Every structure is written in C-alpha cells, then in structure tokens.
Amino acid sequence: MAGTPERAHAVPVTRSGERLFGARFVLLTVGDLGYFTATGVAIYALPLYVTGPLRSDEAAAGLAFGSFAVSALVLRPFAGRLTDSLGRRPMLVGGALLCVLGLVLTAFANTLVPVILLRLLLGVAEAAFVVAGFAALADLAPPARLGEALSYNSLGLYLGLALGPPLGELLVEQGSYTVAWLGAAALAVAATAAVACIGETRAPERSATSHALIHRRAIAPGIGFCTSLAAIGGFLTFAALHAGTTGLQNTSLPLFLYGATVVVCRIAFARVPDKLPSLPLGAAALAAIAAGLAVVASWTTPVGMLAGTALMAVGVTFSTPAFFGAIFATARPEERGAAAGTASAFIDLGLGGGPILLGLVARAAGIPWAFGAAAGLALAGCAWTLFVHKGLSRS
C-alpha cells in the first residue's frame, strides 16, 4: 500500500506481524456469511410473502423491499459516527440482534404495514452491521494486505446472497413462510454469536475526540465507486429479462455466471489489489465493467450475453477492493467508522439509483440501450477516477 499518492494519508496500525487469517478475521467473515445468508432468504421470501399470504400486489412488494434501503441509506453516516465513538463490537452485535428481532417478528406479521415497518428496522440493522463490519475489517487487516482482506471477506457476502435464496425456497416448500423467517432469524443468531466473539477491534489509545458524520476525503473516490455500483445494479435488474430475448433458455444463467466469476476471481487474485495503486486499479475495473456491458448491449446472442457478463464480472472482482482500499487510505484508525459509513452510503445510492435511472432508459428505448447507458456511466466513472488520481498525484 505504500508508495502510491492516494495512499499517502494512510496511518499504519500497530500490529505484530502481517498475519491475515487470524481467528478474529475468520469470525468476522463467518458472521458476514450468516448475516447475508439470512438476508438472501429474505430476498427470496419477501415478495412471495407479500403477494401470497398478505394478498397484496407487486407494487406493495416493491414498497416493502425498497423501504429497507431508505433507512439503511439515511442511517449509515450515523452508524459510522457511533462505530467510531462506541466501538465496532457494540454496533456489530447490536445490528445482528436487530436483524434477529426483525426477522422473528416478520414471521408473525399478517398485514403489509407491519412488514414495511419491520423492513425499516432491518435497514437500521444493515446500517449498523455493515458499517461496523467494514471498520472492523480495516482494523484487523495488516495495512499491506487490506485489499486481499477485502477480497476474502467479501466472499461471505457473495456466498450468503447466493445460498440464501435457494435455502429460502427450500424452507418455504418444505415448511412454510413462518419456517423461512425463523430459519433466517436462526442464521442471524449464528452471525451474532460469531461477531460477539471477536471482541473490540478499535485501538483504545486512538479513540476519537470528535466524530464526523461524513468522511469528506472518501467522497471523491466514492463517486467513482458509486458509478460502478449503478452500472452493476442495472445489469442485475435486467439480466434475466434480457437473457430470454437472446435465446437463453436458462435465464438465471448470466446471474449465476456473474456471481461464480466474482467468487473464483476474488480467490484467485486476492493479492492483486495490494500490489497496484488503488485508484488506477479502480479505473481499470470500471473500464472492464463498461466493456462487458457494451458487449452485452451490442452482441444480443447467448454467447454475447455470457461473454459480456464474464468480462463485467472480472471488473467487479477488483472494483470493491480497489475503491475501499483508496477510501480507507484516507482515514485514520479513529475515522474508519465514518469512512465506512460514507463508502457504504454510496453502495445504497448506486444499487438503488442505478436501476431506477436505467429503468427509465429501458422503458424509453429498450434493455440493450439501458445496458449501453450503464456502460457509459461506468466509463464516466473511469474518467472521474483517473482525474481524482491525477489530482492526488500532484498534491
């Protein structure tokens, strides 16, 4: 991490050795796996629960699903401040326990309004757990291996979101929606137990005397990160629909290929983000995302769909470790909660705003044009990221 301009503000953490796979790192990743598998169960069950037992329509399902992101986005900066002032452990454990409570109560909610309110509560849980998790990861990772740590730790999220929906389907089919919600709650209990055993990762001698809501130095690289997520969000929204028009009979295949490629590449190339400057790597990742989306948009055959998806997924492999590495390099240890809150807010903005914006393009001109617009957005992010890197190099 040393020797690159955008990392010049990084403050080394006093730590013996450069060991990454310690017990606390493993526990954090296991906690992420449990938490996001529970989230994956909810992703599968919620729309069916709203349109089935609750006898509401698709619009109500969308409202219930989206309300989660509203509270998460609004509260992430406050979660960052509390993570820096109270510590990582209280926010991790508290967020996981709120998730347990929200999922258990959802099992007994029989009208739409309580479900929406509980989704708002789960957004609070998400803000606390994710922000504190990123801050704890930055605390635990050796400075020279932060990118590698992010690559490995993200597998808990990706595997959880991949395994959760089929598990949810199994629980609903073999039991009921109540069984599915309680099964998800049990996974959140396991996540709570895992993160409770980590202990506090924030160094007490570096406790902050003032706690900002927004980490301003994270905004410039965060904008580039946001464009990658907006482009990816558009792809995830319309991939299955577009796959059918290309002639693919298994319309979920591109989404599976996307997830599998990211997982395999993050394992195979976990150490790459620590060997290259963060922002140029992020710009290259955005260029690969743009190229993949351009292939999907212009080559409307099964081969084109799969080839473009694989290329885009390679870019995604490096985008998150690169941008988070750049963002955390701007933060002292006592500012990592604020940096995590600011960075993760860009996740909500990108994954929430991207599909809305690109959905308007798809409605007006068709899905291939939406993918083309997503490619243009990623290219704009690439140019912005290189501009930010150039500015930091001069300073």
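User: Which side chain does glutamate 148 meet in a salt bridge?
Analyst: Arginine 145, at 2.9 Å, N to O. A salt bridge here is a side-chain nitrogen of Lys or Arg within 4 Å of a carboxyl oxygen of Asp or Glu. This is a predicted model, where local features need pLDDT of at least 70, side-chain atom pairs count only at pLDDT 80 or more, and totals for chains, interfaces and linings use all residues. Residues are numbered from 1 along each chain as its sequence is written, and side-chain values use heavy atoms, with hydrogens and water left out.

User: Are glutamate 148 and arginine 145 buried or exposed?
Analyst: Glutamate 148 and arginine 145 are both buried. Buried means under 20% relative accessible area, exposed over 50%, partly exposed in between (1.4 Å probe, protein chains only).

User: How many salt bridges by this rule?
Analyst: Six. One of them joins aspartate 84 and arginine 88, with the closest N and O atoms 3.1 Å apart. Aspartate 84 counts as buried because its relative accessibility is 3%. Arginine 88 has 1%, so arginine 88 is buried too. Salt bridges with shared partners join Asp84, Arg88, Asp139 and Arg336 into one network.

User: New topic. What is the nearest side chain of opposite charge to arginine 266?
Analyst: Aspartate 32, 11 Å away. Lys and Arg count as positive, Asp and Glu as negative; His and the chain ends are not counted. Arginine 266 is buried but has no salt bridge.

User: Which side chain does arginine 266 make a polar contact with?
Analyst: The side chain of serine 154, at 2.8 Å. A polar contact is a pair of N or O atoms within 3.5 Å; within protein, one must be able to donate a hydrogen and the other to accept it, and residues adjacent in sequence count only if both atoms are side-chain atoms. The arginine 266 side chain also reaches the backbone oxygen of valine 316, at 2.9 Å.
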